[in-house]
Amino acid sequence: MLVLLALIRLGDEAYGVPIGTAIQESSGRNVALGSVYVALERLEAKGLVTSARGEPTAVRGGRAKTFFRITAVGLREARSAQQTLIRLWQDVPELQGTI
């Protein structure tokens, strides 16, 4: 879910490195770039994201970046996960500051 959320936040600039960086910055945890790409492949196989190759650049030695974009199905899944987490959060008094 973190990969999907980072991808949504980055919008049109979403590719592996910035996605990993966004997760690291928001979570404070190291992120292996390989794990980001594995997650992106799985999300794409499930139809939650799509990918497209950008133009090759000299900075990258002539290699092109693969950009990812969320699909309508992916956005629905993210919203559903958000609502589930909100409901679960509300049912835990220890996290409500009431104890």
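Tutor: Let's start with a definition: rings of Phe, Tyr and Trp (its six-membered ring) pair if their centres lie within 6.5 Å, and planes under 30 degrees apart count as stacked, over 60 as edge-to-face and the rest as tilted. This is a predicted model, where local features need pLDDT of at least 70, side-chain atom pairs count only at pLDDT 80 or more, and totals for chains, interfaces and linings use all residues. Residues are numbered from 1 along each chain as its sequence is written, and side-chain values use heavy atoms, leaving out hydrogens and water.

Student: How many aromatic pairs does a search of the whole structure find?

Tutor: Good place to begin! A pair of aromatic rings is described by the distance of the centres and the angle of the planes. Searching the whole structure gives a count of one.

Student: Which kind of aromatic pair do Tyr 15 and Phe 67 form?

Tutor: Their centres are 5.6 Å apart. The angle between the planes is 75°, and planes over 60 degrees apart have their own name. So the Tyr 15 and Phe 67 pair is edge-to-face.

Student: Is Tyr 15 buried or exposed?

Tutor: Buried means under 20% relative accessible area, exposed over 50%, partly exposed in between (1.4 Å probe, protein chains only). Tyr 15 has 15% relative accessibility, so Tyr 15 is buried.

Student: And what does Gln 90 count as, at 53% relative accessibility?

Tutor: Compare that value with the cut-off of over 50%. At 53%, Gln 90 counts as exposed.
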